[in-house]
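I opened the model today and kept notes as I went. The entries follow in the order of looking.

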Amino acid sequence: MSEVVIETRNLTKEFARDEFRIAALKHASIQINKGDFVALMGPSGSGKSTLLHLIAAMDRPSNGDIRVLGEDLRSLSDGAIARWRNAHVGFIFQSFNLLPVLTALENVELPLKLTRMAKSERTAHATKALQLVGLGERLTHTPRQLSGGQEQRVAIARAIVTDPDLILADEPTGNLDAASARDVLEMLVTLNKEFGKTIVMVTHDPHSAKSASSVRYLEKGELLPPGAKPVDWDA
Amino acid sequence: MIRYLPLVVKNAIRNRRRTALTLVSVATSLCLLGTLMALYRSFFYSETPEYQAHRLIVRNKVSLANPLRLSYLPLIRKVAGVQEATIYQFFAGSYKDDTPSESFARFAVESERLFRIFPEFRLSEEEKYAFLHERTAAIVGIKTARSLNMKLGDRVTLRGDIFPVNVDLIIRGIFQAGTADDESMYFHYDYLNESLRAGERDTVGAFIVRMDGPESANAVIKGIDDQFRNAPLQTKTETEKAFQLSFLAMLGNVKAFLLSICAAVTFTILLVTGNTMAMAVRERTREVGVLKTLGFTPGIILGLLVGEALVLSLTGGLLGMGLAALACAVLRSGPSFGADLSQLAVAPSVIAIGLGISLMIGFISSLIPAFTASRRPILESLRVNN
């Protein structure tokens with residue numbers, strides 16, 4: 001039996017807007033096993049990013065239970081969550097979010113600064129991660145000297161440099177041209193297939209979702225059962 | 001925290017124009033602050049130099065404008081602890097057009113005793129001899145001699161104002177003391193006294209005393225003042241430094257004045273730096289969210305942002321202290337306008353206070369924006385579009 005990496009039960013997230021409370025995610029229960037590559041799809045406002053953020057512990061749920069990598073995220077303090085995220089989660093943003101003042105190497109090295117690694121070890125790891133994404137020749141380039149596809153590859157290197165168990169990607173191909181998007185998806189597949197990383201990816205794009213081993217749909221804050229799609233979902 | 005230093009420095013200089021302007025404003029303010037603190041220290045807390053520590057000034061208890069009698073001098077010399085005493089008569093008057101650049105202190109003294117009381121005066125034996133043996137001779141400090149182009153043998157006329165006589169003098173010596181006296185001129189009291197009408201003679205503005213040691217000061221002061229306690233003209237004896245400070249006090253409460261300017265400068269630079277840091281933090285809100293996503297704790301982020309402000313303010317402070325040292329050097333070599341600035345310098349204690357204030361400015365100015373940014377939820381930070 002596969003090891004459960006992510007398990008949520010009746011996970012709910014509500015936001016307060018003036019006197020109203022808006023439910024972005026309603027009673028979502030999902031189980032993702034080690035080595036799964038799951039795509040979360042759905043229309044805008046369906047709650048897919050909210051679910052991803054809750055899995056990454058970037059936000060706290062209003063109700064329900066969530067265990068990721070055996071950790072009850074609701075019981076952890078902010079500091080403990082930050083340390084847990086650094087050790088176990090790699091996050092890839094749609095808009096890359098590299099620090100503009102740092103080179104590719106320094107950007108990738110950032111998460112390692114939170115570890116006890118020596119400088120030489122950090123540099124070696126970051127260099128290796130960049131070589132893995134095909135940017136071994138661009139170590140000293142700053143983000144503005146890179147194309148969008150290259151920036152996203154640096155972001156992937158940054159996400160994997162700590163060798164996390166879980167990679168979470170929020171629309172990783174959303175800002176890329178078709179060729180760059182294909183490269184990024186190939187990398188994610190490689191990380192999943194060859195390195196056994198568990199990946200959860202939010203995407204709008206059905207072609208991107210095809211890279212995943214399974215797809216789960218959300219609609220109006222509700223996680224639909226496996227195999228079910230939103231009404232009028234023509235993708 | 002050292003491992004984050006490159007990141008802190010890179011962030012501190014990411015907006016070069018703003019960083020440069022901030023550094024200039026901090027450095028300028030700290031230069032002013034450092035110079036004012038050096039002045040304050042020089043006036044009120046500097047160590048009394050050896051040569052000055054041996055000297056006392058005796059003047060009329062009522063005010064400096066009221067003279068004493070010449071007949072007091074032998075009695076002062078008899079007080080225990082007094083090694084030497086002489087007349088110290090400020091002449092005032094005017095020289096040439098009496099412009100500020102032509103202004104210098106002039107004193108009538110007993111020439112033969114002058115060098116025993118002021119052993120720091122250095123001039124050649126020939127010049128000293130010429131001064132001592134010529135009734136109209138004068139010696140002038142090297143700074144004044146240079147600025148007014150006075151040479152040995154030059155004739156100088158001082159027009160009297162307090163004293164209704166003009167004195168015609170010949171420069172016979174140019175001395176170097178390394179103190180504010182380098183801007184002074186000394187000539188014979190006898191010449192001045194004899195130039196006066198009979199009823200105006202034999203009065204003295206002040207006497208200057210050399211004691212056997214600084215430790216005798218209290219006893220000698222008491223001894224002299226007690227000597228004239230029941231005399232018609234009572235005396236006030238004080239150290240040379242206190243005497244100089246009494247001139248400064250004529251300008252008003254100089255201490256409060258200097259301190260209030262220091263406080264105003266500190267407060268202003270706090271506002272400027274605070275505004276800069278608020279802007280710097282605000283424009284990086286999204287990056288703070290990214291760092292948190294990577295696992296940076298609120299504490300580390302707070303440290304990074306405050307550290308950035310400290311790097312800026314400390315660099316500005318170091319520049320400012322360097323500029324203050326230059327300013328002190330310029331003030332030391334320029335005209336003293338009566339205040340003894342010979343010891344004016346940015347002392348290590350002033351540097352420490354200046355850098356401490358710089359760090360405090362950096363810390364206070366960044367604390368609130370940095371704290372707010374470090375505590376902002378990740379998603380809220382990531383939603384901000386910088």
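I began with a side-chain pair in this predicted model: B:Glu110 and B:Arg77 make a polar contact of 2.9 Å. I took a polar contact as a pair of N or O atoms within 3.5 Å; within protein, one must be able to donate a hydrogen and the other to accept it, and residues adjacent in sequence count only if both atoms are side-chain atoms. I placed B:Glu110 in the loop between strand S5 (105–109) and helix H5 (111–117) of chain B. Helices (H or I, at least four residues) and strands (E, at least two) are DSSP runs, numbered from the N terminus. B:Glu110 is buried, at a relative accessible area of 15%. My classes were buried under 20%, exposed over 50%, and partly exposed in between (1.4 Å probe, protein chains only). Beyond four places in sequence, B:Glu110 has contacts that include B:Leu73, B:Ile87 and B:Tyr189. Contact means heavy atoms within 4.5 Å.

Ground rules: residues are numbered from 1 along each chain as its sequence is written, chains are lettered from A and ligands numbered from 1 in the order written, and side-chain values use heavy atoms, without hydrogens and water. Local features need pLDDT of at least 70 and side-chain atom pairs 80 or more, while totals for chains, interfaces and linings use all residues.

A:His27 has phi near 45° although it is not glycine. A:His27 sits in strand S2 (residues 20–33) of chain A and is exposed, at 55%. A:Glu171 has phi near 50°, also positive in a residue other than glycine. I found A:Glu171 in the loop between strand S7 (166–170) and helix H6 (178–193) of chain A. A:Glu171 is buried, with a relative accessible area of 10%.

Then the interface. How many residues of chain A are in contact with chain B? I noted 27 residues of chain A, against 20 of chain B. The area buried between the chains is about 2200 Å², and carbon and sulfur atoms give 66% of that. Buried area is the accessible area (1.4 Å probe) that two parts lose on being put together, summed over both. A:Val101, A:Lys113 and A:Leu114 supply 26% of what chain A buries against chain B, more than any other three residues.

Last, I looked at B:Leu21. B:Leu21 belongs to helix H2 (residues 16–45) of chain B and is exposed, at 56%. The C-alpha atoms of B:Leu21 and B:Val140 are separated by 47 Å.
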